[in-house]
Amino acid sequence: MSDFQQVSPVSAFGSDSGDVSRTTTLLVRAFGWGVLAALAVFVVSNYFTHWQGWPGAAAAFSGATGETSTMLAWAQAAAYPVVIAVAIIAVLRSSYRTLRQDSERISGISAYVVRAAFFAVLYVGLVDAAISFLRVEGLLPGLIGEPLTIDLGRSTFRGVYVHIPLILAGIVTAAFSRSLGFTWLALLVVVAELLIVVTRFIFSYEQAFMADLVRFWYAALFLFASAYTLLHEGHVRVDVLYTGMSPRTKGWVNAMGSLLLGISLCWVVLAIGLGDKTAIINSPILAFETTQTGFGMYVKYIMAGYLAIFAITMMIQFVSYFMESVADLRGEPGGRDHESHGIS
């Protein structure tokens, strides 16, 4: 039987050591994909609850008012076990896959989300800065007319009709590009900062949107690159004990750390930030919140969403890291070298 021939889920459970090992693999894979399934339902449910006025999954147990509200609440609540069950069934139907194969696939999902976010902030930053420049210099009315100029001065209009299409364009672009763009975004941050220095000290010209653009891109670079850095173990590990551990022990440490410190922390961030309409992430986004600088960029609400993207991508990557770590502690071939990532 070839490595990629489908194995019956029933035959995956047995009594010998090979079957026990396969059972462990299935359990770890089912847990990982179950976490990601719950994450997907949570994010989608947050949209329907706070943007479309649905009652939310919690309302199914606290008592939703009205027949329609009750049905919607139970639909949202039932989505969690249903989607998780689908994920588990998919794992059982693909029992030939190894932990490292699934880890790589999950890292690919994280990379796609990060790519989409980077392209989105690139497009939004360039276009919003251009609009802000034309607006502050009084050039917009001559180009697009007074009514549309007034509309672009409202954050709700600019967010819906300018930012959201650009974000969707970033998502589409990410599907055709394999470059994460960290280097280019870092370069753009430097160029934007250099532009401020040149225009301020040579031409005595500076506007609020120029500093907004630097913050907008720099915050994205810092938060979105975290998952990518975790993938390549670029985070500095200062631990005099870790460097002397065996590969198996390191696998235990990384697996437990991913569960107890990584995945759990990301859930806390999302639960607090997306808990209700007044939460620290939802509130600015729902209100299309902007800064009080008048003619600055209208992107403050998007920056509030950075924290959600950070938690989502880090959770996806921590699930991948957990699977990779379990494979390490079991001594499966194909592991990465962890030796160079500790500082003694």
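I began with Val198, which sits in helix H8 (helices are DSSP runs of H or I, at least four residues, numbered from the N terminus). Val198 counts as partly exposed because its relative accessibility is 31%; buried means under 20%, exposed over 50%, partly exposed in between, with a 1.4 Å probe and protein chains only.

A note on the source: this is a predicted model, where local features need pLDDT of at least 70 and side-chain atom pairs pLDDT 80 or more, while totals for chains, interfaces and linings use all residues. Residues are numbered from 1 along each chain as its sequence is written, and side-chain values use heavy atoms, without hydrogens and water.

Next I went inside. I looked up the largest nonpolar core and found 74 residues; such a core joins buried Ala, Val, Leu, Ile, Met, Phe, Trp, Tyr and Cys through side-chain atoms within 4.5 Å. Phe216, Trp217, Phe224, Leu270 and Tyr306 have the most contacts inside it. Helices supplying at least two residues each include H1 (17–50), H4 (99–136) and H9 (208–231). H12 gives the largest share, 16 residues.

I then checked Phe216, skipping neighbours within four places in sequence: its contacts (heavy atoms within 4.5 Å) include Val121, Val124, Met303 and Tyr306.

Last came H4. Its 38 residues reach 54 Å from first C-alpha to last, close to the expected 56 Å, which is 1.5 Å times one less than the number of residues. After H4 comes Gly138, with a positive phi near 70°.
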